[in-house]
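Please open the structure in your viewer and keep the selection tool at hand.

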Amino acid sequence: MQGTIEPDIGFEARLPISDWNGKYYQSGCGGYCGAVLADKPGFSNTINEALKRGYATITTDGGHEGGLGDASWAEGDPVAVEVYAHRGIPLTYDVGTELTRVYYGQPPAREYFGGCSNGGRMAAMAAQRYPALFDGILGGGAVLNLSFNGGVYGSWVVQVNTSDSGERILTRQNFAHKLPALEAAVREQCDASDGTSDGVISAPRDCDVDVRELAACTAEETDSCFTATEKGVLEKWYQGPRNSAGEQLYPGMPAGSERYWQVWFLDDQEQVAPGNQLGGSYAKYLGLGADVDSAYTAMDFNFDRDPVRLAASGKLLDALDPDLGAFRDAGGKYLMWHGLADPLVLPYQSIDYYESVAASLGGVDAIEAFFRLFVIPGHGHCWEMPSGLPEIFDPITVLDRWVESGEAPERILARARDPAVAEIDEALLCPYPARAVFLPATDSATANSCSRRH
Ligand SMILES: [Ca+2]
């Protein structure tokens, strides 16, 4: 069934006609939301995978209509911004659980929330601000620090890839064909930085890519050489945003994330890439608000003056509160994951957040009874395209088993999306700070534990 929840949240609820498992599943929405995507496939801000498993489900448009990369709906509408920030979560919960109760004649026995990207941010908001609502929470690729990831990093990625004459420098047409060679060269540089030369970059933050080592173009430009102009952009992309005093404001593109740039940051002739839309839109409509005029673009963001001006929006929209004590005390379980090669929503914010919760609540040993983070080497942003490494798992089943049994997941078996072209078939994803273990297929029956990590 479809409808609208006050003040203006469009929704679709799908409830099993038979074989209801007695539970409720509420989905988040990605980007700036703006549409009810009830038929979206996979596990990223979707309901059909939960529906197939017998859950009563609901998904929403986040409280407004608009495009995924366009936040113009926020202009002059603080109520819509608050709904998008976090208020939509309990408003949807109240209606979704009531619909379920009326339809089946009994309330759901368990309630879950799941989302990726902005939906992952909503998941964290649910744990932080509404700790009693959900028995279990799934959050992947979460843009926890939305104000800086969107406003600072998003603006930087656009600005340093734009020429003085206003043209985009790296585009899909002129650069996508070079990404495989770039990825291979960066892997060569960074593989061993995590301590193991296994062809996998498992600690991208430990490697500073040196673009001077990349093959230069000489007489003829090929798919595997890089011009000085290209290297200039690459250096800044890997380095990340800095102000004019040279202070680091936010990290840069993860080493190993290159293949995903074509999805998020390389414009083609017809269309601005979604990552470039998202960044410009944050500062204009959410971050700087009434202080900017209608002609404002990402090119206008000032890295000296503007980062502090994002604080008010960050207070509302960022999901960085490390105190999950109320969620823990309510008995909730929180399964978080993040791709280490996510160039859109940098994985370090999930890692840093996990560390902050640990610091706030007695250390990793104390929090892992209710909160676990699984980082996934090679995985990009919410399964946007295959990584070539194991990255497919069923987070709903993992979480549900945790909630029902009380036993936290010690490992998650992930499989490659397309085994025919994958470099490695299977991996054990391990709770942070342990690293994933990559398995030859023949070893999967025997290798069944994550190395101890403390
Ligand atoms: Ca390695």
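Predicted model: local features only at pLDDT ≥ 70, side-chain atom pairs only at ≥ 80, totals over all residues.

Helices, of at least four residues, and strands, of at least two, are DSSP runs that are numbered from the N terminus.

**First stop: a loop residue**

Select threonine 46, which is found in the loop between strand E3 (23-27) and helix H1 (48-52). Is threonine 46 buried or exposed? With a relative accessible area of 3%, threonine 46 is buried, since buried means under 20% relative accessible area. If you now display its surroundings, leaving aside residues up to four places away in sequence, you will find that threonine 46 touches Tyr25, Ser27, Lys40 and Pro41.

**Second stop: the whole chain**

Zoom out and colour the chain by secondary structure, which brings up 14 helices and eleven strands. The radius of gyration is 22 Å, close to the 22 Å that the globule rule gives for 454 residues, so the chain is as compact as a globular protein of that length.

Of the 454 residues, 59% count as buried, and the accessible surface of the chain comes to about 18200 Å², with 49% of it belonging to carbon and sulfur atoms. If you look at contacts between residues at least 6 apart in sequence, 70% of them join residues at least 24 apart. Colouring by charge shows 34 positive and 63 negative side chains, and the centres of these two sets lie 4 Å apart.

**Third stop: the aromatic rings**

Next, select the rings of Phe, Tyr and Trp, which pair if their centres lie within 6.5 Å; by this rule the count comes to 28 aromatic pairs. One of them to pick out is formed by tyrosine 334 and phenylalanine 371, which are stacked, with 4.6 Å from centre to centre and 15° between the planes. Tyrosine 334 lies in strand E7 (residues 333-339) and phenylalanine 371 in strand E8 (residues 371-376), so this pair ties together parts that are 37 residues apart in sequence.

How do the two partners stand towards the surface? Tyrosine 334 counts as buried at 0% relative accessibility, and phenylalanine 371 counts as buried at 0% relative accessibility as well.

Methods
Residues numbered from 1 in each chain as written. Heavy atoms only, no water. Rg over C-alpha atoms; globule rule 2.2 N^0.38 Å. Buried < 20%, exposed > 50% of the residue type's maximum accessible area, 1.4 Å probe, protein only. Contact = heavy atoms within 4.5 Å. Areas by Shrake-Rupley, 256 points an atom, 1.4 Å probe, with all protein chains shown as cover. Lys, Arg positive; Asp, Glu negative; His and termini not counted. Charge placed at Lys NZ, Arg CZ, Asp CG, Glu CD. Phe/Tyr/Trp six-rings, centres within 6.5 Å; stacked < 30°, edge-to-face > 60°.
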